[in-house]
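Have a look at the picture first, and then read on.

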Amino acid sequence: MKTELNPPERTLMGPGPSDVHPRVLRAMTTPLLGHLDPAFLTLMNETMELLREVYQTNHQVTIPMSGTGSAGMETIFVNLVEPGDTVIVGVNGLFGTRMVDVAERCGATVVSVSADWGDTIEPAAIEKALEEHPQAKLVAVVHAETSTGVRQPLQQISEIVHRHNSLFVCDMVTSLGGIPTDIDKLQIDAAYSGTQKCLSAPPGLAPVTLSEQAVDVIRNRKTKVQSWYLDLSMIQNYWSDERSYHHTAPITMIYALRESLRLITEEGVDQVFDRHKRNGLALHDGLEAMGLELLVDKEYRLYQLTSVCIPEGVNDTQVRKDLLDDYGLEIGGGLGELKGKVWRIGLMGYNANPNKVTLVLTALGSALRKQGVDVNVAAGIEAADRAFEQPVAK
Ligand SMILES: *Cc1c(COP(=O)(O)O)cnc(C)c1O
């Protein structure tokens, strides 16, 4: 006999999954409905409406795909790309390299526009790639690069992409519910996200949104979408008035998503963005006042995910083990070329609050002192506290 499930208590402040809101957990204990029950169809419609509000779009096709954020990435590429197409991908972190891999598997010729990990993609570099490859079907960038903590500005790139009659695709896995996504205002043709980052829900759904132009591109495909499971034209039939069976919807996850979106709209979408900003800025000030260095320039820092440089001579693994053992606190290590060089601290959704800022400053300070690093925790807490007193600038 195995023992009853009893995982240790954790605070999840890494790059995801992040802690789930108690109301979302409660929603997940609600009894199931059948996936074609009229009562469930009403809940699906409400979920789509809420999703449009949080994504800041009127796009008709705004639906949660079954699977984690990566299924969202795959959905966008397998549906928009046909073998032989050219696509341009901005690569300034791990998730850019993933998009390249996924697009190549769709049979695309991929043109990478690279920048150092920790920097943003330059609009001029995207324009140059479009001039050299005028047939490019789409341009994709990562809005919130969770592997580095960079926020990619989108406005200028969107203008360039549309001037060249291409489609603009954004990875918004860590953006949705954390920072404005402005799908309509920024004319984003296709975006995908996940429930486990800033939505305060568990991993399991990948909300996607597509413009009319993107839907037209799918409608005019010459070849079948290579993935049966992620074929949007069939999935759309289930999420539209037709409601024909494709695969059994993960009912409980849709309950969870609906509740998480309800929480965000109840608080107010703009208020939720402000809360992430206020807490993120306080964490940045606190870490710097403690004497630590942040990877990303102030102007392009995400609020919901912060990369801290690991001080010289510090044992990365031991620090994260101490945080877990002494404080039940999980933060992330570096990925790819940043492995061993940074820690990644998430303040996502439910965790974007002052308690968690104070917790991570205190816990990290104590773990670093064990390593013989002279950090000033009191100065960190005070700087964070002072930041909380400042009004949030728009
Ligand atoms: C987490 C993440 C993904 C992948 O999502 P999974 O839920 O792990 O499949 C993709 N892109 C970005 C930017 C992410 O942060």
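How many salt bridges does the structure hold? This is a predicted model, and the structure holds 16 salt bridges. Side chains of opposite charge can pair when their charged atoms come close.

| Salt bridge | N to O distance |
|---|---|
| Lys128 and Glu132 | 3.5 Å |
| Lys185 and Asp182 | 3.7 Å |
| Arg386 and Glu382 | 3.1 Å |

Arg386 and Glu382 are separated by about one helical turn, because they are 4 residues apart in helix 13 (residues 377-389). Are these two buried, exposed or partly exposed? Arg386 has a relative accessible area of 46%, so it counts as partly exposed. Glu382 is also partly exposed, because its relative accessibility is 47%.

**A closer look at Asp85**

Where is Asp85 placed? You will find it in the loop between helix 3 (69-80) and strand 3 (86-91). Why does Asp85 count as buried? Its relative accessibility is 17%, and buried means under 20%, so Asp85 falls into that class.

The side chain of Asp85 reaches the backbone nitrogen of Glu82 at 2.7 Å. A polar contact, also with a distance of 2.7 Å, joins the side chain of Asp85 to that of Lys137. If you leave aside the neighbours within four places in sequence, Asp85 is in contact with Leu80, Gly107, Ala108, Thr109 and Lys137.

**A sheet and a helix**

Strands of a sheet pair through backbone hydrogen bonds, either parallel or antiparallel. Which order do the strands take in the open sheet of 3 strands? The order is 11-14-13, and the pairing is antiparallel. Strand 11 (305-309) and strand 13 (332-333) are the edge strands, each pairing on one side only.

Strand 13 is joined to strand 14 (residues 342-346) over 2 bridges, in the antiparallel sense. Within this part of the sheet, Gly332 stands opposite Arg344 of strand 14. Helix 10 (residues 269-289) lies across strand 11 and strand 14, and it runs at about 10° to strand 11.

**Around the ligand**

Finally, which residues surround the ligand? Among them are Thr68, Gly69, Ser70, Phe95, Val142, Asp171, Thr174 and Lys197. For Ser70, a polar side-chain atom lies 2.5 Å from an oxygen atom of the ligand. Thr174 has a polar side-chain atom 3.0 Å from a ligand oxygen atom. Gly69 takes part through its backbone: one of its polar backbone atoms is 3.0 Å from an oxygen atom of the ligand.

Key. Residues are numbered from 1 along each chain as its sequence is written. This is a predicted model: local features need pLDDT of at least 70, side-chain atom pairs count only at pLDDT 80 or more; totals for chains, interfaces and linings use all residues. Side-chain values use heavy atoms; hydrogens and water are left out. Buried means under 20% relative accessible area, exposed over 50%, partly exposed in between (1.4 Å probe, protein chains only). A polar contact is a pair of N or O atoms within 3.5 Å; within protein, one must be able to donate a hydrogen and the other to accept it, and residues adjacent in sequence count only if both atoms are side-chain atoms. Contact means heavy atoms within 4.5 Å. A salt bridge is a side-chain nitrogen of Lys or Arg within 4 Å of a carboxyl oxygen of Asp or Glu. Two strands pair if DSSP finds at least two bridges between them. Axes are lines fitted to C-alpha atoms, for helices over the stretch in contact, and angles run from 0 to 180 degrees between N-to-C directions. A residue is near a molecule or strand if one of its heavy atoms lies within 4 Å of it.
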